[in-house]
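Student: Could we go through this chain together, from its overall layout down to single side chains? I would like each answer to end on the value or name I ask for.

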Amino acid sequence: MKKITLMLFVLVTFCWQSNAQVQIGDGTNQSQNLPINPYFGYSYSQTIYTSNQINANGTITDISYQFDGNSTIDASKEWTVFIGYTTKTEFTSNTDWVDVSTLTQVFEGTITVVGAGSSEWINIDITDFNYNGTDNLVIAVNETAPSYDGSGDDFLSTAVSSVQSIVSYRDSSVFDPASPETASQMPSYIPNIILNGINQTCPVPSDLTVTDITTTTAGLAWTENGSATSYNIEVLEAGEAATGTATDTGIANGFTKTGLTSGTSYFYYVQADCTGGDLSGWAGPFTFATDCELFTVPYSENFDLTAAGTSNNSTVPNCWSFIDGGLGYGYVNSTDGNSFYMYNSYDSSGDYILVSPQTTDLSSGDNRVRFDLDGSLANEFIVGTLTDPSDPTTFTEIETVTLLTSDYESFIVNIPAGTDMYLGFKHGQTADYKSYNIDNIVVEPIPSCLEASDLSATNITTTTADLSWTENGTTSLYNVEVVVSGEVPTGTATDVSVASGFTKSGLTETTVYQFYVQADCTGGDLSIWVGPFEFETPCEAISVDYTADMSSNVPDLCWKEAGIGEVIDGPSGFGASDWKSGRAFTTDNGDIIDSNVINLYDNDDREWLVSPSFDLDAMGAVALLVKVAVTDYRSSGVSTETNTDVMGSDDEVQLLMTSDDGVTWTNITTWNVTNQPLVTGTDYLVDLSSMVGSVKFAFFASDGETDDSFDYDFHVGVFEVSNAALSVNDFESEATFTYYPNPVKNTLTLNAQNTIEQVAMYNMLGQEVLRATPNTVDSDLDMSNLQTGTYFVRVTIGNVTETIKVIKQ
């Protein structure tokens, strides 16, 4: 189990002197490939050592690097070393090398490595270099021996606060320091080094510590490496850049810093004062955090003032903490405004708890918490309290909330009486790979005027809507604010002193609204506003002949689409579906019909395309005419009669109708593999002349439960409600014909009232297998040579084409 909270850590540039030498760095990091990378054939690096880190002057006679002693690195011992001055304090890009022509070559040859199995200092006897004590040094190392050593052969490095090293490595060829290439790595590290021959007259302190931390004070101490007794320190809030100007001067080792802010992270640096103007370099920073004061109710947290973190860097607001008890993580997430993100990865048993600050009287029985939560539909999230903010076993559940959508939802949980002083928000572990965003946490007293809940809108017309809610107190009076979706609510009611079930009038058709509710408990005692609840006014019912523009998805603003819902339940999740435009099919006559199309391939589609409402009383005698087609799949463009395909075994597209505004849906017809539309289009006509009232239609596309290999497009190319469509029905009655036998063994007989002009027969793959032009009122079709199976027969009489299905035995 891990406890993620504000942590103490130290990052100190360690320097010491003994026998005229200065050591810079005492870190143990072995993954920075500095000053060379033995695991590659060749490498070239440069490292800046600042004058503050060196804090000495004189003649450097030799240098030493600290090696892990894993082997004798026989393939990596040919070195060339350069030393010189630089005004740089860091490298700013992967091409920001110091020009080697400004440096002095001080060594070229074979280094000596003992490789005794423990850390050792590799000494290099260089040409003496006279260091002036004021400029920054840059030391470059070019390793030129071919081949490479093991991955565990490493030099030790120390972390620093800026990018003081740059290194390239490869296997192919030796680097040319005169024209260095793009660096492989830019570490904020320096390789541990000893500069022999120079002395620090005023050594840098080391081993910085902080003790006796309170809400406003901290005890600062360090190790003196010379004889200084007076020091300067600089204390900064974490994240601020050091200025090199002391905040406190002339202090002693063991100084108590006062005037700090509770629950705040700080850096501090220390400098020895050896008198007479002789100052050491600055050591640090050392990071610490002051204790948090006890929080009191009310307080809130929206995470906006907390730096965003990552999966490897958990960030929480000051005085908050996060218990990470598994493979997941949590941190402040900056997407769409800051919130706290919690994720369990493939771990459905670990504890992941966001923990509040310690709060006085949290569990008095008079408080509650409000918060917004975003996650997946049906995910659970647990609110509780803790005795120990670092121990998940002390978590006591108050309530488990369940998300009803996949968007942000607001929750209120009353905190029962008890003794716990920490509030916890716990991942519900509904399943693996589940995440939450929690935001806008408010801990407050339970109000005397409780807000409403469960807002809803019903009986929505083009201009009115009934607005309802659940009362959680005793009042019956409410204020309501209704705004167009996207507008910012003002907190000023548009309707005052209304009751639940209030009918809002004066609305505009085809408009999305949001409404908010505030309880009025009289005497000026008002609840907070709750909401929004969103609803949309419908289009005015169509009362004249109508033809949809199927070249657009959706055809117009009064059409709706949805990607969720079986027929028995109706559509939900309006606003998006897999229906799309940008497709067309070609009729027998060569006409190109633009269409809305659905691609059915897997076994997870439940896609709705819902028409506007039609006022049949006003329209009179009309019919619905649709033209549908099945073609092979393509992402865009026009399909021709050769682009055939077959519907899946349990795929279907239903044409539905509702007369109660979607409460129930009635099937008009179903297309499936047994009667699928032709590749060139099939007309379907619905006579509405005997119906009254208002109706809507819908195309419901489902690819069933079986994941077939068929990958096809279902097109809706014509949608027309008109009197003219009814006349097509009258005309088609003249094209009535009979056919027998079915099933058929050898001969299929057709008899019609009028001349049969053309007959075409297709197999289940859409391939034409027989064509005839009888030009008589009856016709016999010889099917004796056809294979057993199902066939579609397309019969044309008087320019009207009908399709029948027959079974060949």
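Student: Which domains does the domain assignment of the chain give?

Tutor: Before the answer, note that this is a predicted model, in which local features need pLDDT of at least 70 and side-chain atom pairs count only at pLDDT 80 or more, while totals for chains, interfaces and linings use all residues. Residues are numbered from 1 along each chain as its sequence is written, and side-chain values use heavy atoms, with hydrogens and water left out. The bounds come from an automatic or database domain assignment. That assignment gives domain 1 (21–196), domain 2 (206–289), domain 3 (299–445), domain 4 (453–537), domain 5 (546–722) and domain 6 (737–808).

Student: How many helices and strands does the secondary structure come to, and what is the radius of gyration of the chain?

Tutor: Helices (H or I, at least four residues) and strands (E, at least two) are DSSP runs numbered from the N terminus, and the chain has 3 helices and 61 strands. The C-alpha trace spans about 120 × 80 × 40 Å along its principal axes.

Student: What share of contacts between residues at least 6 apart in sequence join residues at least 24 apart?

Tutor: Contact here means heavy atoms within 4.5 Å. Among the contacts in the chain between residues at least 6 apart in sequence, the share that joins residues at least 24 apart is 73%.

Student: Which residue forms a salt bridge with Lys-426, and why does the pair tie together parts of the chain?

Tutor: A salt bridge is a side-chain nitrogen of Lys or Arg within 4 Å of a carboxyl oxygen of Asp or Glu, and the count by this rule comes to 18. The closest N and O atoms of the Lys-426 pair are 3.3 Å apart. Lys-426 lies in strand E33 (residues 422–427) and its partner in the loop between E26 and E27, so the pair ties together parts that are 75 residues apart in sequence. The partner of Lys-426 is Asp-351.

Student: Is Arg-794 buried or exposed, and which residue does it pair with?

Tutor: Buried means under 20% relative accessible area, exposed over 50%, and partly exposed in between (1.4 Å probe, protein chains only), so Arg-794, at 6%, counts as buried. Its salt bridge has its closest N and O atoms 3.2 Å apart. Arg-794 lies in strand E60 (residues 789–797) and its partner in the loop between strand E45 (580–586) and strand E46 (592–600), so the two tie together parts 206 residues apart in sequence. The partner, which counts as partly exposed at 43% relative accessibility, is Asp-588.

Student: Which residues are linked in a network of salt bridges?

Tutor: A separate pair, Glu-768 and Arg-771, meets in a salt bridge at 2.7 Å, N to O. Glu-768 counts as partly exposed at 40% relative accessibility, and Arg-771 counts as partly exposed at 43%. The network links Arg-368, Arg-370, Glu-444 and Glu-451.
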